[in-house]
Amino acid sequence: MATIGHLSGSTDGQPILITATATAGVTVHTAVAATDQIDMVHLYALNGHTASVEVTVEWGTAISTRNLVFTMPVDSGLTRITPEGGLPLQNSNVVAVFAGTANRVAIMGKVVRSTADEAFN
């Protein structure tokens, strides 16, 4: 049976302030240490700056060609940055985030952990 929890980089589900401005980013989640289970990771971002901020999500790797890069508009409110169903991660891989301006972007989210069979059937 699937379980729902907060991001492992969060204290009690609180927003994670992004202090890094380059790789390696701030760890927001470390996936389950298994290959027979999977985390479906759901991420949201909030820009607390007076200008737009470029945000980079390192999904399991810091290889720049695999990063998710987007611009977070000013006053955009809480914005989903993963697809509706989340994105899969497992085997202790890490999601890390850095931003063009430190201490202005916060990441929030949840993790749905299940067996690989449950996740894709």
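1. Searching the whole structure turns up one salt bridge (a side-chain nitrogen of Lys or Arg within 4 Å of a carboxyl oxygen of Asp or Glu). The pair is Arg113 and Asp39, whose closest N and O atoms are 2.6 Å apart. Arg113 sits in strand 10 and Asp39 in strand 4, so the bridge links distant parts of the chain, 74 residues apart. Strands here are DSSP runs of E, at least two residues long, numbered from the N terminus.

2. Before going on: this is a predicted model, in which local features need pLDDT of at least 70 and side-chain atom pairs count only at pLDDT 80 or more, while totals for chains, interfaces and linings use all residues. Residues are numbered from 1 along each chain as its sequence is written, and side-chain values use heavy atoms, with hydrogens and water left out.

3. How exposed or buried are the two partners? Arg113 is partly exposed, at 30% relative accessible area, whereas Asp39 is buried, at 0%. For the cut-offs, buried means under 20%, exposed over 50% and partly exposed in between, using a 1.4 Å probe and protein chains only.

4. Now the nonpolar core, meaning buried Ala, Val, Leu, Ile, Met, Phe, Trp, Tyr and Cys residues joined through side-chain atoms within 4.5 Å. The largest one has 24 residues, and Ile18, Val28, Leu43, Val105 and Ile107 touch the most other members. At least two core residues come from each of strand 3 (26–30), strand 4 (37–47), strand 5 (53–59), strand 9 (94–99) and strand 10 (105–115).

5. Val105 is worth a click. Leaving out residues up to four places away in sequence, Val105 is in contact (heavy atoms within 4.5 Å) with Ile16, Leu17, Ile18, Ala45, Leu46, Val53, Val55 and Ala99.

6. Strand 9 has five of its six residues buried, so it is largely enclosed by the rest of the structure. Strands count as paired if DSSP finds at least two bridges between them. Strand 9 runs antiparallel to strand 3, with four bridges joining them, and His29 stands opposite Val95. Strand 5 also pairs with strand 9 in the antiparallel sense, over five bridges; there, Val57 has Val97 as its bridge partner.

7. Last, Thr56, which lies in strand 5. This residue counts as buried, at 6% relative accessibility. Beyond four places in sequence, Thr56 touches Asn67, Leu68, Val69, Ala96, Val97 and Phe98. Ala34, 22 residues from Thr56 in sequence, is 26 Å away in space, C-alpha to C-alpha.
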